[in-house]
Amino acid sequence: MLFNMIRTNSHCEQSGQQQGVSASRGREKCSFERAGTSRWSGFTKYIGIAATLVTVAVHPAVANAAMEQVHDFESGKLDSLWCHGNCPTVTNNIPARTGKYSMRSSLSESSSNIKRTEGIFKNPTGRRMTWNKDYWIGFSVYMPANWKHYNKFEIVAQIHATKDPGESQQQPPFAIYTGSGDWKLTNRWGTGGSKKEWSLNSVYEDVGRWTDFVIHYKPSYTSSGVLRVWKNGALVAQRNGANAYKDNAGPYFTLGLYTGLFAATDGRPAKVVYHDALRVASGSSARYQDVAPPGTPGSGSGSIVTPPEAPESGDSSNDNGDTSTDRDGLDLVNLFDGSGLQMACHGNCPTLSSQFSRSGSKSMKSTVSTSSNNKKRTQAVVSNKSAREMVFDRDYWMGFSVYLPSGWQVPRKREIVAEIRRTPDAGERSSSAFEILTGDGDWTLRNNWGSGDRKWSLNSVYESVGRWTDFVIHYRPSYKSTGILEVWKNGTLVARRTGPNIERDAKGPYLALGLLKDYTSPSSQTVYHDSLRIASGSSARYSDVAP
């Protein structure tokens, strides 16, 4: 609990009407009245998004945060949330994320409002965010086991714009979408339809259980904006810069269900989504731990994220206690500190360099320029051809680090710094099953399996220039439903999918590290790699290969 509060009346509004709520409970999480004096060293604070601007007694850990709210719905009522469209209800018909109750939002063809059932903070002025102020919002979402997608827009949480008089309502500056069947985050800003999307994992992987989100949002229509999003403790979206429209008043947060599914009456079943553990904090001292739903990785310690499969600190041993990565399949440790590359060249040969190093004294340097023999590719692969090819439906773990020097430039063309390449059948063209791309200025992951592909757009590459970026890939190559792909970046799980992840070939794929580019300008580009480790087999795991 972030702080204790004194109970006042709370209301729910729909179509101009208010519903009274009992004030009999002595302790509540989301209604406020003036407290006489602080219980901790005289600290006071002002609540910016509550029913009125009031002073409350707060815990010293969050005493400098300007706005605090906790909504666990344990009164059995909506408390200080008002209705946006239809009114959500409070229920105990599913196991809550915290306590006994959660908020239920439903829509059907017979709903009074067929698009929107949401909760918003009560006071129209107080709910609006202040420009260039840090807001932290944490909550949990529960998609029922029978949830289905229909490829119609569906939003389960959003930051809603406050349009200026005479303007048309625009799409939300930030929203969490589920209508495609995947979790998708979208940020919009400016007048020209600028937007950024992050596609995450399938919603079906999360049905029937609670999914935790934390949003760090500094609303701005200038370069000072900040947006970061964590899902189940993993940082899945991040960008700096403009992240809202230029309106007189700031945006506001809404939680519930908003969909275009029932715009036409065609007999589709009702949609239901649940929310719980809503917490909001703002100000320069607010932080992740203030709002993360209890038990979310990173919510109870100084570390923001801990990848679920990552080892305890310092644990790099195998099951037998040996600190090597000796496994029963393809295994390799190459720290590039020897006298030679110890790998085979793919295109031009990379070289060893002592200019930068992730571990030891050297790293692998890959340069492609207009004067190179091969104008597109400088890569290294495992030397033995039969050993480098992966076995279908076998687990492979690959860890390595990438360094983009300070002079790196965005080519706006395809640029690959690591890939898993197919071994094509006779008469077929070679292609990649998995790629880490940097050419458009963002870290982008792409999985291609012939009949489809999937992309994950991460943060800006410029945030990583001049320092090492660590990757771990868990890959079970398969052209059937048994495939697995998971990717961690700097210890954070940033991509995951199951199912086919490569085309059907007679021989398995292989890892290639280095630089592949499809451009002539800039005329020369260089990338460095280090700390390559590969382990395979059923007992291989994250800790064997993580840099």
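**Aromatic pairs, sheets and a cavity**

A search of the whole structure turns up 20 aromatic pairs, where rings of Phe, Tyr and Trp (its six-membered ring) pair if their centres lie within 6.5 Å. This is a predicted model, so local features need pLDDT of at least 70 and side-chain atom pairs count only at pLDDT 80 or more, while totals for chains, interfaces and linings use all residues. Residues are numbered from 1 along each chain as its sequence is written, and side-chain values use heavy atoms, with hydrogens and water left out.

**Aromatics**

- Trp 230 and Tyr 288 make an edge-to-face pair, 5.1 Å centre to centre with 70° between the planes; planes over 60 degrees apart count as edge-to-face, under 30 as stacked and the rest as tilted.
- That pair links distant parts of the chain, 58 residues apart: Trp 230 sits in strand E16 (residues 226-231) and Tyr 288 in helix H1 (residues 288-291).
- Helices (H or I, at least four residues) and strands (E, at least two) are DSSP runs, numbered from the N terminus.
- Trp 230 and Tyr 288 are both buried, meaning under 20% relative accessible area (1.4 Å probe, protein chains only).
- Phe 139, Trp 183, Phe 213 and Phe 253 come together as one aromatic cluster.

**The seven-stranded sheet**

- Seven strands form an open, antiparallel sheet in the order E6-E9-E18-E11-E12-E13-E14; two strands pair if DSSP finds at least two bridges between them.
- Strands E6 (81-85) and E14 (194-202) are the edges, each pairing on one side only.
- From one strand to the next, the twist averages 15°, with axes being lines fitted to C-alpha atoms and angles running from 0 to 180 degrees between N-to-C directions.
- Within this sheet, E11 (residues 154-160) and E12 (residues 174-177) run antiparallel and are joined by four bridges, and Ile 155 has Tyr 177 in E12 as its bridge partner.

- E32 (residues 492-498) is mostly covered, with five of its seven residues buried.

**Cavity**

- There is one cavity of 30 Å³ or more: on a 1 Å grid over the protein atoms alone, a set of points where a 1.4 Å probe fits but cannot get out.
- The largest cavity holds about 40 Å³ of space, the volume being that filled by probe spheres set on the points, which are joined across faces, edges and corners.
- Its lining residues (an atom within 4 Å of a point) include Lys 148, His 149, Tyr 150 and Glu 154.

Key: 1 Å grid on protein atoms, 1.4 Å probe; cavity = no way out; pocket = protein on both sides within 12 Å on 5 of 7 lines; lining within 4 Å. Buried < 20%, exposed > 50% of the residue type's maximum accessible area, 1.4 Å probe, protein only.
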